[in-house]
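Subject: A structure for you to look at

Hello,

I am passing on the structure we talked about, and my notes follow below it. Please have it open while you read.

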Amino acid sequence: MSETSVAPETVRHVADLARVDLTEAEVERFADQFSEVLSYFETLDEVPAVESDAELTNVMRPDEEREGLTREEALRNAPETEDGYFKGPRVS
Amino acid sequence: MDYNGYVTEETIEGAEEGPLAGRTVAVKDNLSTAGVRTTCGSAMLAEYVPPYDATVVERVKAAGGRIPGKTNMDEFGMGTTTETSAFGPTDNPAAPGHVPGGSSGGSAAVVAAGDADMALGSDTGGSVRCPAAFCGVVGIKPTYGLVSRYGLVAYANSLEQIGPIAPTVEEAATLLDVIAGPDDRDATTREPPAGDGGSYAEAADGDVEGLEIGVPTELVDGADERVKAVFRDAIVDLEDRGATTSEVSLPSVEHAVEAYYVIAMGEASSNLARFDGVRYGVSGGYEGDWNDAFARAREEGFGEEVKRRVLLGTYALSAGYHDKYYAKAQDARAWVKQDFDAALDEVDVLASPTMPVPPFELGESLEDPLQLYLADANTVPVNLANLPAISVPAGETDGGLPVGLQFVGPAFGERTIVRAGSALA
């Protein structure tokens, strides 16, 4: 098994991409665990290229109106709403 | 004993008549139930109450089934032991002090304890079959496309199916009859090709005379000796009833676990992006910008295994790594599928231990994620190949731990695996 070493900075970078804050303890632990798991994933290098025909067909339905959620139902689980809208943090 | 099988005990009544009338069907807590909270075993969704029913829930109710509650599970289905639930671990009623398997551990546990007649789980890489095996009950993972996932909170869409858990094969097949079939709300469902007719339950006749069973050496050789002993006895039992067995080889399965985890984590990293703390879930507050609040909500709402998988999936799909991991994993998946299809051209079903090990003791396995992932070696290839499989109780180890036997059939060959399984349970 080849060795992949994952630095704590890499874990922080990926956590940033995924929008997940981590504690320092989690960063340290994940760096070790990711090194082990990614080294294992690298055995995929031994897999030959495989020709495959995906058996896929598009599925269509008539474009007809149907009932959806009411505004009240859609907002019911939101932590905060304002004037019938979801309330979120500022975008920039 | 409180084994913590349910996250929420709240009865949902079904229709007065139907094939499930008078029976209780527990539902895994990642299946949406209108008006009854659906947590996915996560603090993120501790207060989430769906405004609609999953298609399978609608069908169970219409068939007369009464739902006694929502069952505990690994957070978002990510685990093999039901210990990653934010609502605490579930004990194994069939082997107290041991894990019930996962991720549908609560569903298998309530059936094993007799607290529900049957249950629904979901199986992304073995999450119905593993707990069925560990709790000494029956679990079916249907062919990809047989059962609608509308209303299932998604983990890895290209792999997962909803499946039944019950004490016997006939009862599991009865529940499969109720939930199977196309749904215009899940475009991946389709009408099964015309089979040998009849219901799945009718196929549970125990007749294995002339059935050709292939035993993949790769899925047996690495198993624990205690598991192998029970498996071999079950195979002899099947031969005594007129089945023939032969060894087959599936070289591709050596790479199935890594392919599965790359694909599942990649899909999870995308699916779980919806949990932003705005439309539902834990709010990240209003300090800083959207990204800061989003990251705080997910720090607070997600448990460690979920963070681990979201991050590993993000890594494997990030610039520069996609070809190295994800593209190779898709090659491995195609190879696994070809291998299984070729083997199932030669024999009727494939048989192996469902899990290569007996149930772990509670708390024993959480420290080393990779070792736990490797325990899924026998179940994940089936999801990669989109095939149906059933886990049936094969017996117990000398120490009294349940062992499951898995039959894998060709696509939409549910009747064949039901028939084979019904010879044992």
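Let me begin at Asn386(B), which is partly exposed, with 19 other C-beta atoms within 10 Å. Here a residue is buried if 20 or more other C-beta atoms lie within 10 Å of its own, exposed if 12 or fewer, and partly exposed in between, with C-beta atoms placed from the backbone. Asn386(B) is in the loop between helix H11 (380–384) and strand S10 (389–396) of chain B, and its phi is positive, about 65°, although it is not a glycine. Helices (H or I, at least four residues) and strands (E, at least two) are DSSP runs, numbered from the N terminus.

Some background before going on: this is a predicted model, in which local features need pLDDT of at least 70 and side-chain atom pairs count only at pLDDT 80 or more, while totals for chains, interfaces and linings use all residues. Residues are numbered from 1 along each chain as its sequence is written, and chains are lettered from A and ligands numbered from 1 in the order in which they are written.

Phe76(B) is buried, with 31 other C-beta atoms within 10 Å. Ser103(B) is in this loop as well, and a cis peptide bond with omega of about 10° joins Gly102(B) to Ser103(B). For comparison, most residues other than glycine have a negative phi, and most peptide bonds are trans.

Helix H1 (residues 55–62) of chain B has six of its eight residues buried, so it is largely enclosed by the rest of the structure. Among the buried ones are Val56(B), Val57(B) and Val60(B). The buried residues of H1(B) pack against strands S2 (25–28), S4 (118–123) and S6 (161–166) and helix H4 (169–179) of chain B. Just after H1(B), Gly64(B) has a positive phi of about 95°.

H6(B) also meets H8(B): their axes come within 7 Å and cross at roughly 100°. That makes H6(B) roughly perpendicular to H8(B) (65 to 115 degrees). Axes are lines fitted to C-alpha atoms, for helices over the stretch in contact, and angles run from 0 to 180 degrees between N-to-C directions.

Finally, where do the chains meet? The contact takes 44 residues from chain B and 38 residues from chain A, two residues being in contact if their C-beta atoms, placed from the backbone, lie within 7 Å. H8(B) and helix H2 (residues 24–41) of chain A have axes that come within 11 Å and cross at roughly 55°. In this contact, Phe30(A), Gln33(A), Phe34(A) and Val37(A) of H2(A) face Arg308(B), Leu311(B) and Leu312(B) of H8(B).

Enjoy looking around!

Key
Parallel < 35°, antiparallel > 145°, perpendicular 65-115°, else oblique.
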